[in-house]
Amino acid sequence: MRELARLLGIQFYLKKIDNLNLNAEGLEAAARSARYSALTELAQKASASVVATAHTRTDQAETILLRLFRGAGPGALAGIRSRRALAPGIDLLRPLLRIPRAATEAYCRAQGLQWIDDPHNVDPIRMRARIRALWPRLLELNPRLEEALAGAAELFAEEEDLLSALAQRGASLHPALQRRALLLAANEAGLRPERRHLESILRLLERGEGALDVPGGSAVVKFERRRAPHARPAEVAIAAPGRYVWGSRVLEVAGGARGGVEVDLTEAPFPWTLRSRRPGDRFRPGGGRTKKLADLLIDAHIPKEDRDHLAVLTDAKGRVFWVEGLRPGAACRNGGVSFRLLPEMKPSDGPLPSRRRHESRSATMDPRPDEEPR
């Protein structure tokens, strides 16, 4: 690959993955997560807004079969998406998803291009390898099986998008939308309920209270106090020491150590950005390891209704180095500047409105402290 990049006159980037975290999801899931994390780092290093992978229609068909064998629901049967967000400002694109693998291999041979075959793809221990071994016999039932499965995935993907949009709006109480709304809430909390868990949670909702263990944590139906929804503060650029207004709060940045959180500017250079969290944010708190920010907030038992209003600081490269409510990152140490985020202003401090609270009945999903959500 390095030689191909040289022949094409483009820069080559390499990221070696060490110390793979073999969590409860198994080797394949851990390797997949590590690969996409590495691709995100390389894209940021290359200032790229798009990352393309070589997944083909054949990969899509195999994925659908795998998920069917495991009893997956319509969301999982949407298969591999042709485009999705990889990280803030970076999209993951799969331009070959409608092209058979055989066609890509034939093109490479015609152009004199070499490719690498992963030996794990023929390891009989892996279910995908066993499906590939069965593929010739499956084609006897339908010679266009690959095309049929990939087409079904596209239909499921369209229905998935529609059901998710309707569930977010609460447009109906149809059981399919109830399950979809629960699945969206579970995914946000890092939980992985199966079909039987969703049906059990629906029964809890009918009863009005209760709890249920699900993969990754527990689902709880209860009364809770919740803030009325309100807009997030706009992002604020922090170009140098000074005083910056963020919604109803103020960030004071001073040169030198003057109290507050100190920052090493060689690790977190200006300009900073003060903002709320974004989907895909990742952070490494002091003494910890890099994880999704959503998972870290869950682990810290920060109420769900508070998470979108916590302050997040990123450096000139878009890296999160400080999150309100979590341990500061490695960049927060003896350095050239320090900062303080002042408490929220009260109505008597100025014309900013206060946040009122109301009682609402809802289903919340909280992970167990001894388990790591996905």
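Predicted model: local features only at pLDDT ≥ 70, side-chain atom pairs only at ≥ 80, totals over all residues.
A pair of aromatic rings is described by the distance of the centres and the angle of the planes. The count of such pairs here comes to 4. In one of them, the ring centres of Trp272 and Phe339 are 6.1 Å apart and the planes stand at 75°, so this pair is edge-to-face, given that the angle is over 60 degrees. Since Trp272 belongs to strand 10 and Phe339 to strand 15, which covers residues 337–341, the contact ties together parts that are 67 residues apart in sequence.

Phe339 has a further partner in Trp322, where the centres are 5.1 Å apart and the planes are at 80°, so that this pair is likewise edge-to-face. Trp322 lies in strand 14, residues 320–323, and Phe339 in strand 15, so the pair ties together parts that are 17 residues apart in sequence. Trp322 is buried, as is Phe339. Taken as a group, Phe270, Trp272, Phe321, Trp322 and Phe339 form one aromatic cluster.

As a reminder, most residues other than glycine have a negative phi, and most peptide bonds are trans.

Ser47, which is not a glycine, has phi near 55°, and its place is in the loop between helix 2 (27–45) and strand 1 (50–52). His301, again a residue other than glycine, has phi near 60°, and is found in the loop between helix 9 (293–299) and helix 10 (304–307). Are these residues buried or exposed? Ser47 counts as exposed because its relative accessibility is 68%, and His301 counts as exposed because its value is 53%, the cut-off being over 50%.

Finally, there is a contact of another kind to look at, in which the charged end of Arg84 sits over the ring of Tyr36, 5.1 Å from the ring centre.

Conventions
Residues numbered from 1 in each chain as written. Heavy atoms only, no water. Helix = DSSP H or I, 4+ residues; strand = E, 2+ residues; numbered from the N terminus. Buried < 20%, exposed > 50% of the residue type's maximum accessible area, 1.4 Å probe, protein only. Phe/Tyr/Trp six-rings, centres within 6.5 Å; stacked < 30°, edge-to-face > 60°. Lys NZ or Arg CZ within 6 Å of the ring centre and 35° of its normal.
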